[in-house]
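Here's a quick briefing to read alongside the model. Keep the 3D view open as you go.

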Amino acid sequence: MTIFKHTLVTLCLFSLLSVVFAFQATAADNPYNLAPGARGKLCLDCHEGFKGTMEKKFIHTPLAEGQCTGCHNPHAADHGKLLAADPTQICASCHEDMSAANVRSAHQVVSDGDCVTCHDPHSSDNRMNLVASGSELCFGCHEELGQQVASNKFAHSPVKQDCMTCHAPHFSAENPALLRSQAPELCLDCHDSSKKTFKSQHVGYPVETANCSSCHNPHGSNTTAMLYDNVHQPLTSRMCKQCHEDPSSATPFATVKPSFELCQGCHYEMVNDTFNKDRMHWPVVDEKGCLNCHSPHASSEAMLMKAPQKEVCSSCHSDTIARQARALTKHQPIDDGECSSCHSPHSSDNPFILTEKSNINLCGQCHDWQTHSTHPIGDDVIDPRNPNLSLDCLSCHRTHGTEYKHFIYTETINDLCVQCHQQYRR
Amino acid sequence: MKNVLFIVLVAVLLTMVCQPAVAAQLRLRYAGSIYTDAEGGPLQHPAGVTMSGDRLLVADSGAKRVLTFKYAAGVVTPERVLPLPQNFPLMVELASNGDFYVLDGLERQVLILDRNGKQKATLKVKGAGDKRVVPRSFKRTPDGQWLLLDLFSSRVLLLDEAGSLQRELLFPDGEGFFSDVAVNPQGQLFLLDSVGGRIYRANKGEEAFTLWSDNLKDYTNFPVSLAATNGSLLLVDKYGSGLAVIGPDGGFSGRKLSTGWSDGQLYYPSQVSVGAEGQVFIADTENHRVQQFNIEE
């Protein structure tokens, strides 16, 4: 009898809980308590333009199921287009695995939650609801790269077809630049390194274990074999042994000399000139030496710089570039990435490794200072703030910018002037 | 017994609480500036300054000379001018026998000058293999050894007075650029990564550096020099024209001084040195002077 009672109670409780859960599920499925048949169809009665949308090849699943309320609130919302949540987060409420923390590289639009840059939230004739297909989609934003790819004499066919052959669209957990894997593994998926021609083209060096993009531009180039457009002479003439050990050695990629000593063999005039200056740009003489800034094989940049100059300089001097970025007045050469307009990148006899001893002369190459100021400057004008200084452009201006206009150090010109002209201090 | 345990516990807690507090309370009081040598000749772009016993040594780089000063009872008196017209002195240290060791930026070697300033040799590293040595910085340790930052071979060398290798510590792995080394009275070595904004430390006898202070880029622009005080480290922020104080736990504990041309301000300083009585000398390079401050805690 007791057993019968217990079973009955348990069954009753189970039934009650089932009813509660079923009600909750229904409420979640139909939060607006829409009448049967009203879903989707109801919306489309007014939104007639959606008929064309519904005829496309790929329709976003909620829309296909008539669940407009999956993304939109039919009554009122805090977001545009009556979206039920923040547009940068609403997609992630279903597609939560499209971004991840602590990844090696992430697509900016994904990080920003700007999914609609690439995907149409309703429908598309392209798979994954993409707004365009293949590389065309990517070149919509990466315009410069698209133009370069279109004009390249030597094209890399996957690039023209679909960037996704090599890149992941959302993030790459372990690789830079959204790459699916890194060279050489990525390249060897298509290129057969066992071919005789592969070996002979690479002069017998086991490049299948090296970084292909050290020489080859994966996006194509105007140089044969898709080498970057500026090629180091020994590579052009396939004289790899000029710098590297013999391909049959145990360490074929090791260089025959370390750091600048290797480069000095050919570039002796430049290196000697560098070493005859008082102030050395110290990375020139560290273990990496010239390779801190230059690519040893080939580069898209002139002088075999490993990246555009501003990028190279900012890899160490990020504070200076950041200062310019937040400065109220920008210094044009920095904006243009021409740090070497003023600085001698290897060495100099002048402070700050400047190209000129006198910063008045240096600034004067671009600025005719007497047109905007007749304040006395020069070696014989002593700075009232410091007996060992004479007045020059840097007495008032900071060339990499300040938080005030015209690179000056103070909020107002008065504040600057009274540093010396103290009798006018208020 | 319980009382003893309680007292010990309180003492430990107080020590823990007070250590960062001491660092945070470090104050610098301006004590004076050196603008000239004994004959009134102005300093030009001095990049190096070192307090050694009662002597103050200045690498007056732009004028290509080393200056010596006598320090007594808070007063700095010019002594000698040691011209180096064929070199570019960046740092200077005093050996126990009275020789001057000068880091020459032009030839990138350490010159040894006798008491009269005559060059008698260059520092040759013995026992470190045939690797090239390019010194970027060097310091004399409290026990009379030489600490040398070798840029070319990515290592820090600890040498005896004769230049024989005692210990070699490789630079830590990873990107960065190492500008300076320092040693504190306890014999701990510190290595500064200017680009990464990090300080690495090796305790006495250890064979490798480990990360000790990180994220200094949040507080400094481009630190280039460091020196140990009693418990803290002072860091010269060259492009930020100021000093950063790093506490005994490796944490940032404040900035001192700011950009400017007047006394007490800095304009692209290069090196800091701390004397036994808490005197802080700064090579205020682009202000063409050396400034003295005293630590008040």
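Where is the place of Pro184(A) in chain A? Pro184(A) sits in the loop between strand E4 (171-172) and helix H9 (185-188) of chain A; helices (H or I, at least four residues) and strands (E, at least two) are DSSP runs, numbered from the N terminus. Before going on, a bit of housekeeping. This is a predicted model, where local features need pLDDT of at least 70, side-chain atom pairs count only at pLDDT 80 or more, and totals for chains, interfaces and linings use all residues. Residues are numbered from 1 along each chain as its sequence is written, chains are lettered from A and ligands numbered from 1 in the order in which they are written, and side-chain values use heavy atoms, with hydrogens and water left out.

**Backbone spots in chain A**

- The peptide bond running from Ala183(A) to Pro184(A) is cis, with omega near 5°.
- Asn129(A) isn't a glycine, yet it has a positive phi of about 55°. You'll find Asn129(A) in the loop between strand E3 (123-124) and helix H6 (134-139) of chain A.

**Where chains A and B meet**

- Chain B puts 33 residues into the contact and chain A puts in 36, with contact meaning heavy atoms within 4.5 Å.
- About 3100 Å² is buried between chain B and chain A, and carbon and sulfur atoms give 57% of that. Buried area is the accessible area (1.4 Å probe) that two parts lose on being put together, summed over both.
- Arg108(B), Phe152(B) and Trp261(B) supply 24% of the area that chain B buries against chain A, more than any other three residues.
- There are two salt bridges between the chains, each a side-chain nitrogen of Lys or Arg within 4 Å of a carboxyl oxygen of Asp or Glu.
- Glu261(A) forms a salt bridge with Arg132(B), and their closest N and O atoms are 2.4 Å apart.

**Record annotations**

- Residues 253-296 of chain B are 0% helix and 50% strand, with the end C-alpha atoms 15 Å apart.

**How confident is the prediction?**

- Chain B averages a pLDDT of 92, and 92% of its residues score at least 70; pLDDT is the predictor's confidence in each residue, from 0 to 100.
- Over residues 17-23 of chain B, the pLDDT is below 50.
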